[in-house]
Amino acid sequence: MHYKRLIFILIDGAPYEIFKSLVENGDLPNIKKHVADQGCLKKAISVFPSTTGPALIPHFMGVYPGTVNIPGNQWLSKSHYYHPYRFKRPGVCNYLGIDKSYFEEDLPPDMPTLFHYFSPASNIYIRITRGCPPAGNLTRGIKPLMFAYGYLSNHWRYIDQVAGDRLYKAVEAGDNFVACIFPTVDALSHSITTQAPRIIQLYREIDARVGDIVHILQKTNTLEETLILITSDHGMSNTHTHIDIPQHLDDGGWRCVHYPNVWKQFVEAASMVSGNGMSHLYFKNSHNGRGWGEPMTFEQLHKMGVVSSLIELEGLRFVAGQSETGNIIVQNKNGQGIISWHSEEANNNSSPSITTTNECSDSLRFSYKFTGTDPLGYGVSYENLSSTEALQLTYDSPSPDGIVQLWQIFKSDRTGDLVLNAESGYDLRSRYKIMDHRASHGGLIPEHLYIPLASNHPLDERYIRSVDIFPTVLNLCGHTIDHAYRIDGRIVK
Ligand SMILES: [Zn+2]
């Protein structure tokens with residue numbers, strides 16, 4: 001049997017462990033009774049960087065952020081970067097600010113989203129709207145106002161109430177696909193931490209909304225034919241210490257540009273953060289013309305003293321970069337890890353693995369080795385793993401799916417020369433951020449990567465990535481994926 005309808009609810013920034021304990025403690029009785037107990041509640045894995053925007057691409061399109069060249073909410077393109085000026089895109093981007101409207105434009109033009117497969121469909125607050133007819137965009141026009149109101153007043157709860165009202169109306173209207181994100185758990189956790197009583201209350205209010213929509217479905221006798229999915233785009237962790245990377249680079253002699261101060265002159269480096277738990281660092285490699293030249297290798301940056309200066313910082317978990325052979329090097333002060341890969345067809349596994357955006361993880365074999373103390377925390381070396389084996393073997397580790405996640409982010413030519421990850425409790429925000437941040441995400445750590453996946457359809461598979469959600473729900477709803485698009489996800493049963 002295939003489901004006729006899909007109700008897809010996202011709780012922005014809901015970490016798996018918090019969601020699971022609320023379900024188990026009876027705080028979310030509707031989600032427990034009508035969703036988890038009917039099907040399952042799984043621990044799924046988000047992507048690196050684990051931040052809204054890039055981390056929604058997998059759910060709606062089945063691909064990694066690196067595959068579609070959107071490696072963060074902020075990035076710099078070395079070949080296009082020149083000093084920002086008013087009328088053209090300057091090769092530096094902040095999707096959470098002035099470049100908001102480019103997010104969808106920057107996605108590959110013909111790639112379908114979940115919205116293309118269902119009609120009528122409606123979208124509530126989701127940043128990916130492609131494929132949803134304008135009339136189905138139930139928060140179009142009000143979304144920017146709502147978010148501005150949330151930031152200015154901190155009255156985020158109202159934003160979720162609007163989402164709940166629109167969700168109810170769309171389900172009542174009988175839409176075949178309703179996608180809704182509740183933004184407030186993320187937005188408010190940043191300022192008051194992830195388990196503050198006001199945050200827990202938000203989960204309860206979402207649960208009540210789930211009760212309301214199940215009631216409509218029961219009344220119209222359509223519950224059986226409806227697939228209900230509740231998940232999040234990324235987790236979060238509480239933050240006690242900010243590491244000011246731009247200041248550190250300035251002090252080291254690499255004058256650093258960063259948001260919101262992108263008009264800073266005579267710069268040699270750039271720091272582009274996502275979720276504050278990770279950052280892309282770029283270093284100027286050209287002193288002629290407008291571009292910043294070619295990407296710099298890990299070895300070059302090591303020689304310049306950048307790597308050794310960064311790894312001394314307390315709270316910095318690791319620095320990753322691409323070596324001159326194309327491998328990914330992960331370094332912290334206690335050890336070094338090397339991720340390499342080769343295509344299954346090639347039998348020489350020492351061949352250089354230069355990344356291209358067309359590479360698909362299915363056809364690759366991954367290896368990982370380390371010296372000193374393993375910076376990814378696996379403590380074992382791996383050889384010739386398929387993407388699925390790499391997921392399974394690292395699922396319950398300090399860097400879940402870290403091998404494939406680092407591979408995918410470095411596929412993007414907008415990824416930094418170095419990618420930084422902060423330890424839990426620390427973030428990489430710059431001194432100019434106005435709001436105090438007491439929680440962060442973006443990183444490659446369990447608290448940021450584990451997301452709940454509750455479904456009223458049982459899934460037996462234990463190892464699930466967020467890229468698998470797209471093909472899996474399409475399969476459950478009887479749709480076949482257009483094979484013109486090579487996606488990263490697989491159908492899980
Ligand atoms: Zn956030």
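Helix H6 covers residues 157-172, and its 16 residues should span 22 Å at 1.5 Å a residue; the end C-alpha atoms are 23 Å apart, which agrees. The expected span is 1.5 Å times one less than the number of residues in the helix. Helices (H or I, at least four residues) and strands (E, at least two) are DSSP runs, numbered from the N terminus. The model is predicted: local features need pLDDT of at least 70, side-chain atom pairs count only at pLDDT 80 or more, and totals for chains, interfaces and linings use all residues. Residues are numbered from 1 along each chain as its sequence is written.

Which residues of H6 are buried? They are Ile159, Asp160, Ala163, Gly164, Leu167, Ala170 and Val171. These residues cover an arc of only 140° around the axis, which puts them on the same side of H6. The arc is taken from the directions from the helix axis to the C-beta atoms. An α-helix has 3.6 residues a turn, so residues three or four places apart point the same way. A residue is buried if 20 or more other C-beta atoms lie within 10 Å of its own, exposed if 12 or fewer, and partly exposed in between, with C-beta atoms placed from the backbone. The cover over the buried residues of H6 includes strands S1 (5-11), S5 (121-124) and S6 (177-182), together with helices H5 (143-153), H7 (184-192) and H8 (197-219). Just after H6, Gly174 has a positive phi of about 85°.

Strand S13 (residues 316-322) is largely enclosed by the rest of the structure, because 7 of its 7 residues are buried. S13 runs antiparallel to strand S18 (residues 418-422), to which 5 bridges join it; two strands pair if DSSP finds at least two bridges between them. In this pairing, Leu316 stands opposite Ala422 of S18. S13 also pairs with strand S14 (residues 328-332), again antiparallel, over 4 bridges, and Val319 has Gln331 of S14 as its bridge partner. The hairpin of S13 and S14 has 5 residues between the strands, and there Gly326 takes a positive phi near 100°.

Two loop residues have a positive phi without being glycine. Asn221, with a phi of about 60°, is in the loop between H8 and strand S7 (226-231). Asp401, also with a phi of about 60°, lies between helix H12 (387-394) and helix H13 (402-409). Are they buried or exposed? Asn221 counts as exposed because it has 8 C-beta neighbours inside 10 Å, while Asp401, with 24, counts as buried.

Key. Two residues are in contact if their C-beta atoms, placed from the backbone, lie within 7 Å.
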